[in-house]
Amino acid sequence: MPWDRNQMAARAARELEDGMYVNLGIGIPTLVANYVGDKDITLQSENGMLGMGPFPLEGAEDPDLINAGKQTITELNRTAYFDSAMSFGMIRGGKIAAAVLGAMEVAENGDLANWMIPGKLVKGMGGAMDLVAGVGRVIVVMDHQNKQGKSKVLKQCTLPLTGKGVVDLIITSLGVLKVADGGLKIIELADGVSEEDMRAATEATIV
Amino acid sequence: MQKIYKSAAEALDGLLHDGMFIAAGGFGLCGIPELLLQSIKEAGTRDLTFASNNAGVDDFGIGILLQTRQVRKMISSYVGENAEFMRQYLAGELELEFNPQGTLAERMRAGGAGIPGFYTATGVGTVIAEGKEIKNFNGKDYIMETGLFADLSIVKAWKADDTGNLVFRKTARNFNPPAAMCGKVCVAEVEEIVPCGSLDPDMIHLPGIYVHRLIQGDHEKRIEQRTIRAA
């Protein structure tokens, strides 16, 4: 059985260590916050906040308090606010230990594409290019294949890149792959997924 | 030195001209200078270039200036959530320059700090690097980005004192300080102007040296994505 969204998020949460400052992207990465358990993790929201809390209870929404996905959120007793220049200063400056991001394509050399499909409506890269260029570790969480059943883990990305050689770890519905010399190394397989299944579903070189 | 004006229109008087470059604060609809944008709409100034992280929604934020075709170009990192923007962009009526969000913030900050260019690893090996100088520092490539120097900055803060010292509230700070810094003139709209001496000098987020004109007004503060958890 391949992993579902929550299982992928839970697996990504295991990569986070006590004391880390972490940025979570939109989609499956947002779910990672539900699985950090007792670990002391401080979430960064790149619109200018460290120490992001859960969504508010009804009636407690504050228009001045949103996350990078523009959703209403809450603060914690450790929260700090700052402006966008400082926010990306800490991202670009390598102060954020890890980012967990979604992707359209990842290549075996660590190239990442997650912002644009030529010919389709382009909304913009937001903070994704800054995050992948700056944070300590980039963890991608995504379905292994697209809706047409084609591998999203490729020898080379076909879409415009978000960053070149930036991905460290890929967590997909089929397992966990690490970017290594000469290709990707299998770190873990989802329950019931064999190495043959993983190889057959992956276009990238597995070493 | 009188910085306080009665209305947005008075505060913008003499500052607007067709073809000008405006830097605006805000992230999504959070912390946007909604009163000043409305006033620019009423003034009818055209061919505007905006440096702003987003372009608002169809009927709020910079979106209201798109409806009236007052905007020629946007410098932004993300422009979803706005159908009229997409229509004008796809029809070739609107120019768009995508900047990575951190690059946009730093371009504003740098411009305000008198730095005409800087190097960043953001965008190396992507379309963002095309046509830009690449320089290697300690074995790693960086691209040169330029500082932004706007004709006018428009920002929103929570509180100001008479001299324009500003305090922001929560994540509504976002792009407002760097946007305020990079303009020749900065007009700020706030929820409350308080007398000098009532703000703690250690708690000022943006010193009044960056703020030239000031208005107080009522803000709608619209929420873009109201999200709650179960009780």
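This briefing covers the interface between chain A and chain B, then a hairpin in chain B. The model is predicted. The contact draws 45 residues from chain A and 50 residues from chain B. About 4000 Å² is buried between the two chains.

**Area of the interface**
- The size of an interface is often given as the accessible area lost when the parts come together.
- Carbon and sulfur atoms give 62% of the area buried between chain A and chain B.
- In chain A, the residues that lose the most area to chain B are Asp64(A), Lys70(A) and Lys123(A). Together they make up 20% of what that side buries.

- Six salt bridges are counted between chain A and chain B.
- Glu61(A) forms a salt bridge with Arg226(B). Their closest N and O atoms are 3.4 Å apart.

**The chain A side**
- Strand E4 (75-81), helix H3 (84-92) and helix H4 (128-134) of chain A are the elements that give two or more residues to the side touching chain B.
- H3(A) gives the most, with four residues.
- By class, this side of chain A has 20 nonpolar, 13 polar and 12 charged residues.

**A hairpin in chain B**
- Strand E6 (residues 134-137) and strand E7 (residues 140-146) of chain B pair in the antiparallel sense over four bridges.
- Ile134(B) stands opposite Ile143(B) in E7(B).
- E6(B) and E7(B) form a hairpin with two residues between them. In the turn, Asn138(B) has a positive phi of about 50°.

Terms used. Residues numbered from 1 in each chain as written. Chains lettered and ligands numbered in written order. Predicted model: local features only at pLDDT ≥ 70, side-chain atom pairs only at ≥ 80, totals over all residues. Heavy atoms only, no water. Contact = heavy atoms within 4.5 Å. Buried area = accessible area lost by both parts, 1.4 Å probe. Salt bridge = Lys/Arg side-chain N within 4 Å of Asp/Glu carboxyl O. Nonpolar A, V, L, I, M, F, W, Y, C, P; charged D, E, K, R; others polar. Pairing = 2+ DSSP bridges.
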